[in-house]
Amino acid sequence: MPVVPIFVKACLAQPVDRIPVWIMRQAGRYLPEYRNLRQKTPFLTLCKSPGLATEVTLQPLERFGMDAAILFSDILLLLEAMGVELAFDEKVGPRLGKGESGEERVRSISAPDPVQEMGYVMDAIRQIKGSINEEVALIGFSGAPFTLATYLIEGGSTRDFYATKSFMYQQPSAFHRLMETLADALDAFLKAQIEAGVDALQLFDTWAMVLSPKDYREFVLPHMQRIVAGLKGEGVPTIHYSLGTSTLLEEMEQIGTDVLSLDWKIDIGEARQRLGPDRAVQGNLDPFALFQDGERLEKSVQEILEKGARWPGYIFNLGHGIHQKTPVESVQRLVDTVHAFPVGDAAGGSAE
Ligand code: CP3
């Protein structure tokens, strides 16, 4: 019988004997061993070298003992595979394209053959799976169409989403066509990751928060539903991630992923109440809570556990990526506090 990792059980809202924990951006610049490697190697080279991507993926696990590994990669690599140039600038962040207009970039992309264009991702997945303990889950991922569309249309990060929203409101049919193209690319990419061996898939829709519930329902939800419906029956749980979207919780519930991530702006007890006992949730510590002293941090973690783990289907995590200045001792304290939490008849037992 193959071992089912506790992370996967929690995704499926099944009882567990301890609460699983991992940390968004757990492999990254707050880790000295990552910074060491990065001094010698550009970020995109790390992502595209399966041996190095495997090494970086395993760094936080070896140090802290999380219950899940996340593939070391980036959501923007899919846009590169679709035909747009990608660069990471130390000061301004990601840059897409070579100065064309957003519309030109939109017209230039096409859905790739992921196995052909992103073989390095599937190679890394196979190497990581060959190196981790079978009780640790490997999470594959992708950006969700809306968040990818913002980077494609804006050409990088943005504060006001001016270009994205102008395009969406002025050319709604072209916007839907773009979302469809991205959804097609995601379908093939996510299925290739499953084929290579991931145990769960997370869809990052970081910027969905800028949409009203009505626009979310019109421009995003149908595309998300199509992607997730296409993954049903593939035997791998799905996780939706977004930031600042407690105003969209009921819309996001309709996407149909097994798990919803929550940021720190919503009380996790209230979120679980609104979603009911069958929907697993992940979150929701403020990444800056790791800058508190150890005792206060422990208390913040326990408060979330008490409310989050009252029903099965709970995974401890931060509400967004860990900050690069985070003290590494805080991460160890967080993981140990979660693992010491007595599950009792809460997440291990029946719903109230
Ligand atoms: O450990 C992990 O979580 C897995 C790897 C991972 C990265 N990015 C590595 C990374 C994952 C899952 C992502 C997702 C991602 N990338 C998102 C969605 C989640 C979120 O944070 O909202 C987004 C929006 C991106 C795009 C992106 N990548 C930006 C805007 C930047 C620059 C800003 C920054 O944080 O440096 C990146 C770079 C990036 N992606 C780094 C890492 C470790 C830093 C690279 C470095 O300089 O070493």
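What radius of gyration would a compact globule with 352 residues have, and what does the protein chain have? The globule would have a radius of gyration near 20 Å, and the protein chain agrees with this at 19 Å; the radius is taken over C-alpha atoms, and the globule rule is 2.2 Å times the number of residues to the power 0.38. The structure is a predicted model, in which local features need pLDDT of at least 70, side-chain atom pairs count only at pLDDT 80 or more, and totals for chains, interfaces and linings use all residues. Residues are numbered from 1 along each chain as its sequence is written, and side-chain values use heavy atoms, with hydrogens and water left out.

The C-alpha trace spans about 55 × 45 × 45 Å along its principal axes. The chain comprises 16 helices and nine strands, taken as DSSP runs (helices H or I, at least four residues; strands E, at least two) numbered from the N terminus. Of the 352 residues, 56% are buried (under 20% relative accessible area, 1.4 Å probe, protein chains only).

The axes of helix 4 (residues 50-64) and helix 8 (residues 119-131) come within 8 Å and cross at roughly 50°; axes are lines fitted to C-alpha atoms over the stretch in contact, with angles from 0 to 180 degrees between N-to-C directions.

In helix 10 (residues 162-170), Thr164, Ser166, Phe167 and Met168 are buried. These residues pack against helix 6 (102-108), helix 9 (145-154), helix 11 (172-196) and helix 12 (213-231), contact meaning heavy atoms within 4.5 Å.

Notes
Buried means under 20% relative accessible area, exposed over 50%, partly exposed in between (1.4 Å probe, protein chains only).
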